Amino acid sequence: MRDIKIRTASIQDLPAILEIYSYYILHTAITFEYDVPTPEEFRLRMEQTLRMYPYIVAEEDGNILGYAYAGPFKTRAAYNWSVETSIYVAKEARQKGIGTLLLAHLEALLQRQNILNVNACIAYPKETGDPYLTCESVRFHEKNGYRLAGRFHDCACKFS
């Protein structure tokens, strides 16, 4: 693997992180967000996450190639040992092992926090050939040991 550094994200990384995320908002159904958040809104999200959970970036030569973070799976106290993860890799950096590197680091950090369940809630296309959604994330998570725990049908609508 190249000389990629994984480190805790900082607010200075916000422009690069938001640029990566913007692609997924505008061109995919991977995220169900319709509009790109303002930098201020995104900063508040990052700060909120960093209070309790890991938020990390993959960096090479000063360039952010991807990021990952965890957040609460549900808000009730009994769920405090479960998280939902998110991983986004810059479009031009995909399929190069960055997501796997981020996931491994994120899981190690979560293990140190005594998190018992790491969940990846993944959008899945209804039909093959969907221009906004593929099964890449499902395959990525299966390759990394995740298994299907449940499926929601027709719970969101984007680009229709």
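User: In which loop is Gln95 found?

Analyst: This is a predicted model, in which local features need pLDDT of at least 70, side-chain atom pairs count only at pLDDT 80 or more, and totals for chains, interfaces and linings use all residues. Residues are numbered from 1 along each chain as its sequence is written, and side-chain values use heavy atoms, with hydrogens and water left out. Helices (H or I, at least four residues) and strands (E, at least two) are DSSP runs, numbered from the N terminus. On that basis, Gln95 is found in the loop between strand E4 (82-89) and H3.

User: Is Gln95 buried or exposed?

Analyst: Buried means under 20% relative accessible area, exposed over 50%, and partly exposed in between (1.4 Å probe, protein chains only). Gln95 has a relative accessible area of 70%, so the residue is exposed.

User: What is the phi of Asn114, and where does this residue lie?

Analyst: Asn114 lies in the loop between H3 and strand E5 (117-119). At 54% relative accessibility, Asn114 counts as exposed. Gln95 has a positive phi of about 65° although it is not a glycine. For Asn114, also a residue other than glycine, phi is positive and near 65°.

User: Does Ile115 count as buried or exposed?

Analyst: Ile115 is found in the loop between H3 and E5. Its C-alpha is separated by 30 Å from that of Arg2, 113 residues apart along the chain. With 13% relative accessibility, Ile115 counts as buried.

User: How far apart in space are Leu106 and Ala68?

Analyst: Leu106 lies in helix H3 (residues 98-112). Its relative accessible area is 0%, so Leu106 is buried. Leu106 and Ala68 are 38 residues apart in sequence; C-alpha to C-alpha, the distance in space is 7.1 Å.

User: Which residues line the second largest pocket, and which element gives the largest share?

Analyst: On a 1 Å grid over the protein atoms alone, a pocket is an open set of points where a 1.4 Å probe fits, with protein on both sides within 12 Å along at least five of seven lines; lining residues have an atom within 4 Å of a point. The lining consists of Ala16, Glu19, Ile20, Tyr23, Tyr24, Ile64, Leu65, Ala90, Lys91 and Glu92. Helix H1 (14-27) and strand E3 (63-72) are the elements that give two or more residues. The largest share, five residues, comes from H1.

User: What are the class counts of that lining, and how much space lies in the second largest pocket?

Analyst: Ala, Val, Leu, Ile, Met, Phe, Trp, Tyr, Cys and Pro count as nonpolar, Asp, Glu, Lys and Arg as charged, and the others, Gly among them, as polar. The lining has seven nonpolar, no polar and three charged residues. Grid points are joined across faces, edges and corners, and a volume is the space filled by probe spheres set on the points. For the second largest pocket it is about 160 Å³.

User: How many aromatic pairs are there, and what is the geometry of Phe73 and Tyr79?

Analyst: Rings of Phe, Tyr and Trp (its six-membered ring) pair if their centres lie within 6.5 Å; planes under 30 degrees apart count as stacked, over 60 as edge-to-face and the rest as tilted. The count comes to ten aromatic pairs. The ring centres of Phe73 and Tyr79 are 5.9 Å apart and the planes are at 65°, so this pair is edge-to-face.

User: Which residue lies over the face of Phe73?

Analyst: Phe73 is partly exposed, at a relative accessible area of 27%. A charge sits over a ring if NZ of Lys or CZ of Arg is within 6 Å of the ring centre and within 35 degrees of the ring normal. At 5.9 Å from the ring centre, the residue over Phe73 is Lys74.
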